Structures are given as structure tokens and as C-alpha cells.
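Subject: Structure handover and notes

Hello,

Here is the structure you will be working with. Please open it beside this message and follow along.

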Amino acid sequence: MSGGTTSVPPPSAAARVRAGRGRRAGWRWAGMTTPGLVAVVRARLGVGGAERRRADEAERGSAVVEFLGMSLLLLVPVVYLVLTLAQVQAAAFAAEGAAREAGRLLARAESLEAGASAARFAVELAFEDQGLDVDGAEALRISCAGEPCLAPGARVVVEVSASVDLPLVPDFVADAVPAAVPVTATHVTAVPQFREAR
């Protein structure tokens, strides 16, 4: 038995080329599943390409139409709901502010007539600030707990009510069905204790 070393001959040039192709082919298709590999092969061979392109183009066109249709169906009611809620919220905010200011003006007025006139103007101004046209005489209601109304320590109840028309409702529809939202706010104010009765 000899103790010499055996030498392995280097691979030939053709063997190195085959090994390189194998490595490149294995790295290029690594991780690809069988259906994906079949699809790539079919695409390279041109099998079923025309049919697939026609189907893709048809689906692309119908997808755009479906998107526009669904957008209109969902967007229009949402926009209308937002407009309606914004208008009702503005009216509620105006009614609350009008009742508070009307009560404050009544409690500090020199007479009930002067206070009521100033309160009506405050109601109209509060609604005008929110873009709504309201008649102060119709919207304002004043109730006195005692007599005289502005006696020291007396309580005065102020109620402001108005109706908000729904946006974009035609007149013939508004005549047939209720198309307004009532808004009401109540405020109780106390006449200052240290003042003369008026």
C-alpha cells in the first residue's frame, strides 16, 4: 500500500460550461411553483397569448365601468348625508346660541318690550351667522314664571324653534312629504336679584 496522494484531474471546459448552465438555470427558477413555471413556458411559446390578452382587455374595461358605477352609488348618498347633517348641526348650534343670547338680553333689559325686541334681533342674527333665514318673531317664545316678568330673581324661559329644509329637495316633493327637520333650544335665565321690577 503506497502512502502517496491521488490527484483529481481538473474538469474539462465542456464540463465547466454544463455546470455553469445548471447553476444559472437552478438559480433563475428557484422558488417558482409549477403553475408559475407552466405559465412562463406557455408565455414564451406563445400558447394562449391572444386569448389571454383579449380576456385581460375585456376585464380591464369592465373593471373601470364597475368602479365608476360603485363610486357613484356610494359617493352620492354619503355626500348628501354630510350636507344634511351639516345643515341640521348648524341650525341646532344657531338655536342654542340664540336662546342663550335672547335670555341674557331679556334679563338685562329695561322693559319686557325692549328685551323681547332685542331678543328677536339676536335670534335672527344667530341664524344668519349660520346661513339660515329665520323670522325672530316666529322663532322666539318667551314664558315668564311670575308677574311682573322681569321681577328681581324671577326666571324667564326662552324657547327658540326653527325648521331646516332638507337640501336639494324639489318643491313638489316638499309639498307632498315632510322635508324639514325641526330644531328647538330652550334656555332658562334668571333676572338679577338686585334690580328694580319692570
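The notes below go from the overall layout to single residues.

Overall layout

Please keep in mind that this is a predicted model. The protein has six helices and three strands. Along the sequence, these elements follow the pattern α-α-α-α-α-β-β-α-β. Of the 198 residues in the protein, 22% are buried. Among the contacts with a separation of 6 or more, 62% are between residues 24 or more positions apart.

How are the three strands arranged? They form an open sheet in the order 1-2-3, with antiparallel pairing. Strand 1 and strand 3 are the edge strands, since each pairs on one side only. From one strand to the next, the twist averages 15 degrees.

The pairing can be followed residue by residue. Strand 1 covers residues 140–144, and its antiparallel pairing with strand 2 has five bridges. One place to look is S143, whose bridge partner in strand 2 is V157.

Which residues of strand 2 are on its covered face? Strand 2 runs over residues 155–165, and its covered face holds V156, V158, V160, A162 and V164. The uncovered face holds R155, V157, E159, S161, S163 and D165. In a regular strand, side chains alternate between the two faces of the sheet.

Helix 4, residues 112–129, lies across strand 1 and strand 2. The helix runs at about 140 degrees to strand 1.

Is T189 buried or exposed? Its relative accessibility is 9%, under the 20% cut-off, so T189 counts as buried. Leaving out residues up to four places away in sequence, T189 touches G103, A107, A154, R155 and V156.

T84 is in helix 3, which spans residues 49–107. With 12% relative accessibility, T84 also falls under 20% and therefore counts as buried. Its side chain reaches the backbone oxygen of Y80 at 2.9 Å. Setting aside neighbours within four places in sequence, T84 is in contact with L166 and P167.

The annotated span

The UniProt record, an unreviewed entry, places the feature "transmembrane region" at residues 63–83. Please treat this as an annotation that may be inferred rather than shown by experiment. In the model, the span is 100% helix and 0% strand. Its end C-alpha atoms lie 30 Å apart.

The disulfide

How many disulfides are there? The count comes to one. It joins C144 to C149, with an S to S distance of 1.7 Å. A disulfide is a covalent bond between the sulfur atoms of two cysteines. The torsion about the S-S bond of C144 and C149 is about -75 degrees, so this disulfide is left-handed. The two cysteines fall into separate accessibility classes: C144 is partly exposed, with a relative accessible area of 34%, whereas C149 is buried, with 5%.

Two backbone details

Most residues other than glycine have a negative phi, and most peptide bonds are trans. Two places in this model depart from that pattern.

What kind of peptide bond joins E147 and P148? The bond is cis, with omega at about -5 degrees. P148 sits in the loop between strand 1 and strand 2.

The other place is L168, which has a positive phi of about 65 degrees although it is not a glycine. L168 is in the loop between strand 2 and helix 6, residues 171–176. Its relative accessibility is 74%, over the 50% cut-off, so L168 counts as exposed.

Regards

How values were computed. Residues numbered from 1 in each chain as written. Predicted model: local features only at pLDDT ≥ 70, side-chain atom pairs only at ≥ 80, totals over all residues. Heavy atoms only, no water. Buried < 20%, exposed > 50% of the residue type's maximum accessible area, 1.4 Å probe, protein only. Helix = DSSP H or I, 4+ residues; strand = E, 2+ residues; numbered from the N terminus. Pairing = 2+ DSSP bridges. Axes fitted to C-alpha atoms, helices over the stretch in contact; angles between N-to-C directions. Contact = heavy atoms within 4.5 Å. Polar contact = N/O pair within 3.5 Å; in protein donor to acceptor, adjacent residues only side chain to side chain. Disulfide = S-S within 2.5 Å.
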